[in-house]
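Hello,

Here is the structure for your files. My notes follow below it.

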Amino acid sequence: MTLDLGFAPLHFSDGTEAGVIDVPGHERFLHNMLAGAPGIDVLLLVVDAVEGPRAQTREHLQILSFLNVQRSIIVLTKSDLVDADAIEVVAARVRDFCVGTVAAGAPVIPVSNVTGAGIDELKAAIYDAIVSVPPRRVDAPAFLPVDRAFALHGHGTVVTGTLMQGTIKTGDLLELQPAGVGARVRSLQIFGRKVKSAEAGSRVAVNIPSIDVASIKRGDVLAAHHEFDATTELIVEFTPLPDALALLHRRTPVRVHIGAAEIEGRLVFKERPMEARAVAARLLLSRPIVAYRGSRMIVRRLSPKDLLGGAIFLERSTLVASDRIPELPDDEACFEIVKASGQTPIAAKAVASGANVREDVAAACIARLVQDGRIVAIPKPVEYVSRAADDEALALAQRLLGERHERAPWRLGCSTSEVAAAIAATDALAVRRLAAWHEDGRVGHRARYWCLPDFTPSLSKEQLSFFETTLRPTSDAPLSPASYDAVALAADRARVAGVREALESLIATGALVRIGDDLYRRVQLTRAQALVAGVLQNNAGGATMSQLRETLGTSRKYALPLLEHFDSIGFTIRDGDLRRLRSTAGKSGAQVQN
Ligand SMILES: Nc1nc2c(ncn2[C@@H]2O[C@H](COP(=O)(O)OP(=O)(O)OP(=O)(O)O)[C@@H](O)[C@H]2O)c(=O)[nH]1
Ligand SMILES: [Mg+2]
């Protein structure tokens, strides 16, 4: 079984020479097949006449369809092991198998390596094929992907490969890429024969003694000096295999085979491809590579290593030719990134890197998108979601609130955690989103509860009568409060549904006012305030605590916290033993600081 690439010359009587590249067939050595395949112009698809084509045959054909194969020949080996009829049958099968592949319509030649039958016909077919293959570009900058590197005693480092384009001559100064190290060519060989120059399409061995063999590996490129810049970001034209469409995401982790190199990276689309058609894509690699325009590469999934498709190098990402690549405007690119983030708010910085634009550009795009209402800002820290995602989450939250208001109208609404569960967010995120909706007036907020904007709690008949009874003041002290603790205890004991929640709602809406343990009805408080105002308006110098207590007709126990409450809400101001109205205090010229 062949493990790695094999190379051999094939000579024809007229002096024509072909370089044969033998690649392993077994799936486990596909990476080696991929290293050798880009140099192939003429494909010899070797099929066992006994077994016929196998699954691996299909994968090889798919791979080769993305590379440089110009002509194909189907070779049926072991013809000595089957009769002529069987050969016809298997030949027909292979022809069918090759429909729609690079080998479609290729001649089928049965051979036997045991008897030598068919070998001359095969050689003739190879000759016909190679002379009809259009020549590679010999005047382009030299580009030699290195498939082997070794040190030769007395000569130093030698690298071999298929010269993809250009010409190499002895004495040339080349460059080993992506390291970018200069390398002088001391000597050249084509299949063991010393030559002065080698042209594109040749299998060559290049002696570059100035470079340490340990610093070269399969996949490096020996290239024309100063012609290629290594890059990790490229624009490619990617053609997906139909079977691979489902495996593609907008950003797909991939393993790319280019030249003899194998590199991990990400393939990034503006939009996930839905058809097996060529699309522009950005390829972000984990290591720099060099490539020439038109370099072909094979793209596999990172794991498992399914074949995804083929790609053609167009430009380094920084040098995008705008007429070739349908670049989305930056606004759209930024919008796509926000949209792709779904319900997870995304920061401007992440939008910039996702859309591959500068941060200041992203900031301007985001401002326009917010202005146009296509994306929505979420506060603390400022991040963004798409309008559609926001509407969706808001609808869920509003549905929850509506249901809750209907089921328990006496309740203030929902806690943050309840909303968080409904919109499938963490509490921390829910509070930020609720704050944004509250800011826009799309949800209401009262005492740590969230509600629909126009919602006011309303009590059931039973709850109303409970409070009526419990909070009824005695006729001799109409302004005396109830005890909050006592009311809460009574509420807990009463068999009235939701009455404890109703108590909190009454306090939150201000119908009841809690001052320490004292619980006032709003009417009591309004009355008390009017009485205090009356006394103080008639006493410009102020009134004492006991004067006010008498007016209110309550005990000192209640009067003290109540007056302090009036101080705290800015209604009165205390000055030693005296209290005055804060609003008139200024007007009367007294020395009061606000
Ligand atoms: N009888 C007969 N046996 C053959 C013929 N050609 C190859 N074989 C035998 O088939 C077996 C496989 O041959 P290989 O040349 O290793 O096949 P391969 O396609 O290169 O295999 P991989 O490199 O693993 O992909 C060997 O035992 C060969 O001797 C033939 O024409 N007739
Ligand atoms: Mg083999």
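**Thr572 and its surroundings**

Leaving out residues up to four places away in sequence, Thr572 touches Val532, Leu536, Leu563, Phe566, Asp567, Arg579, Arg580, Leu581 and Arg582. Contact here means heavy atoms within 4.5 Å. Thr572 sits in strand S31, residues 572–575. Helices (H or I, at least four residues) and strands (E, at least two) are DSSP runs, numbered from the N terminus. Thr572 counts as buried because its relative accessibility is 1%. The classes are buried under 20% relative accessible area, exposed over 50%, and partly exposed in between, with a 1.4 Å probe and protein chains only. The side chains of Thr572 and Asp567 form a polar contact of 2.5 Å. A polar contact is a pair of N or O atoms within 3.5 Å; within protein, one must be able to donate a hydrogen and the other to accept it, and residues adjacent in sequence count only if both atoms are side-chain atoms.

**How to read the values**

This is a predicted model: local features need pLDDT of at least 70, side-chain atom pairs need 80 or more, and totals for chains, interfaces and linings use all residues. Residues are numbered from 1 along each chain as its sequence is written, chains are lettered from A and ligands numbered from 1 in the order written, and side-chain values use heavy atoms, without hydrogens or water.

**Ligand 1**

Which residues are around ligand 1? They are Met1, Thr2, Gly25, Lys78, Asp80, Leu81, Ser112, Asn113 and Val114, each with a heavy atom within 4 Å. This shell has three nonpolar, four polar and two charged residues. Oxygen atoms of ligand 1 lie 2.9 Å from a polar backbone atom of Gly25 and 3.1 Å from one of Lys78. A backbone N or O atom of Asn113 is 2.7 Å from a ligand 1 oxygen. The protein covers 52% of the 650 Å² of accessible area that ligand 1 has on its own (Shrake-Rupley, 1.4 Å probe).

**Nonpolar core**

The largest nonpolar core has 53 residues. Such a core is a set of buried Ala, Val, Leu, Ile, Met, Phe, Trp, Tyr and Cys residues joined through side-chain atoms within 4.5 Å. Leu76, Val236, Phe238, Leu267, Leu283 and Met297 touch the most other members. Helix H3 (residues 84–98) gives the largest share, six residues.

**Pro473**

Pro473 is in the loop between helix H11 (461–470) and strand S27 (482–483). Pro473 is partly exposed, at 27% relative accessible area.

Best regards

Technical notes
Nonpolar A, V, L, I, M, F, W, Y, C, P; charged D, E, K, R; others polar.
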